[in-house]
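The sequence and structure are shown first.

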Amino acid sequence: MSIKKNDEIRLKITALTSQGSGIGRYNDMAVFVEDSAVGDDLLVHVIKVKKNYAVGIIKKIYKSSPDRVESDCEAFGKCGGCSYRHISYEAEKREKKQFVTDAMNRIGGIDVKTENIYTVKNPDRYRNKAQIPVGLGKDGQLITGFYSKRSHRIVPCDDCLLQMPDFKDIVAAVRKYILENPVSVYDEETGKGLIRHIYLRQGRKTGQIMVCLVINGDTLPKKERFIESVLSVNGNIKSIVLNINKADTNVILGEKCVTLWGEDFIEDELCGLTFRISPLSFYQVNPEGTEILYGKAKEYACLKGNETLLDLYCGTGTIGLTMAKYCKELIGVEIIPQAIENAKKNASLNGIENSRFICDDAAGAAKTLFEEGIRPDVIILDPPRKGCSADVIDTVVSMAPERVVYVSCDPATLARDCRIFDDKGYKVTELCAVDMFPRTVHVETVVQLVRKNPDTHIDFEISLDEFDLTASEAKAT
Ligand code: SAH
């Protein structure tokens, strides 16, 4: 019997998808149910039926999964941030470990198992960065919070349990400034209004805070009041910045920043080094998890001291710089100019003299380095979610490093890229997951790839013409 929209069916949840919803089978049809848990016995209301699958919502729980716990956040289920506040953290880790294994096996066709998922001590309050949309509710009231799943509707939230605790009072201070001053709030529909996002960053070790207001305009009315208002609630604020974003876009930050007060950066410490971070530079959001991640990357790099290390997608230089004293030479590549400025400064702040940084697209820079004759012994790849482009992988393989350490925030694109590496002569030899993003669907993975056959990749500089025998020589042979 086939399923129809609005049917109510009894369903046992047998697995979770990597996107966080539960899945059960009904007459061989896969049915996806959000906010369910493995082992749930449910009455499900079917809301959508496609050729190969259906989607339902929970109508009633007959029997709860042993993984289930009471959610401790009022916004859970509405807010698009967390997906796992209804199951224990132990269950979440088990599932994430499996997601990584499944991606490698099914997408990559690579026969590996995730032996370990490393985790931080506290799965809450780890995020050092908040991007809080500002909008108006139906009755015109000011709303700050987080986007709901797959939409831009703002779910009000005063204090997110993932964020560092200092952020709550700063958001309240910004709200007070908006309410008490002649400033408008951005409306996505019309493209009118000034305040778009409150963007906050904090160094976990240093405590330093950056407060950034993203605006659809060039200036902030009564900016002294804004500065006073936020400074009055927290003594750790080191930088107050405006980010100008006048574009009709989902991208949160615009390209221009104006410093209103203090420095145009904050500093934090990772793995014993100091890092300077500008508003537009990438910085890992879970510092405790980052130290675990970088520790695994360093272990997989197996540096002995005489290597050339290439760090592609280096951000502010963090991964490479934490390994610089274990290699001969470090080259970092990153596309965002401010991040490269930070990376150079970070090298000098930490007295690291064997590094250089290039601001360019990873594919272009790798090709130029290859043409210059650079042959790194170890290459680190830490691309955005979409993974590496085919060009990058080709050039990396041409450079014939002994090892590639691939750090990834998306197991699916990682698995796809590992397949390509495998086909081109690199084998996955180590793999682990690091849960940098507890309670959310995201998980970080580190992989070591080793060149399978050293001889297949020796690159011949000799032109084929040199083997072009003359007619007489050819005859003689
Ligand atoms: N390794 C760094 C940053 C990783 S995030 C860290 O651990 O902090 C990925 C980085 O890749 C970001 O800084 C992003 O700006 C950069 N990036 C994105 N596309 C790129 C490209 N095509 N070429 C080079 N860098 C790119």
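## Conventions and basis

A helix crossing is called left-handed if the near helix is turned anticlockwise from the far one by less than a right angle, and right-handed if clockwise. Helices (H or I, at least four residues) and strands (E, at least two) are DSSP runs, numbered from the N terminus.

The model is predicted: local features need pLDDT of at least 70, side-chain atom pairs count only at pLDDT 80 or more, and totals for chains, interfaces and linings use all residues. Residues are numbered from 1 along each chain as its sequence is written, and side-chain values use heavy atoms, with hydrogens and water left out.

## Domains

The protein chain comprises domain 1 (8-63), domain 2 (129-274) and domain 3 (286-476); such bounds come from an automatic or database domain assignment. The centres of domain 1 and domain 2, taken over C-alpha atoms, lie 38 Å apart.

## The α8 and α9 helix pair

The axes of helix α8 (residues 390-399) and helix α9 (residues 411-423) come within 11 Å and cross at roughly 40°. Axes are lines fitted to C-alpha atoms, for helices over the stretch in contact, and angles run from 0 to 180 degrees between N-to-C directions. The crossing of α8 and α9 is right-handed.

In α8, Ile 393, Val 396 and Val 397 meet Asp 417, Ile 420 and Phe 421 of α9, where contact means heavy atoms within 4.5 Å. By class, the contact of α8 with α9 has five nonpolar, no polar and one charged residues (Ala, Val, Leu, Ile, Met, Phe, Trp, Tyr, Cys and Pro count as nonpolar, Asp, Glu, Lys and Arg as charged, and the others, Gly among them, as polar).

## The six-stranded sheet

Six strands form an open sheet of mixed pairing, in the order β1-β5-β6-β4-β3-β2; two strands pair if DSSP finds at least two bridges between them. β1 (8-12) and β2 (15-16) each have a single partner strand and stand at the edges, so one side of each is left without a neighbour in the sheet. β2 runs antiparallel to strand β3 (residues 22-26), joined by two bridges. Ala 15 has Ile 23 in β3 as its bridge partner.

## The seven-stranded sheet

A second open sheet, also mixed, has seven strands in the order β10-β9-β8-β11-β12-β13-β14. The twist averages 35° from one strand to the next. Helix α2 (residues 167-180) packs on the sheet, touching β8, β9, β11 (195-202), β12 (209-215) and β13 (237-244).
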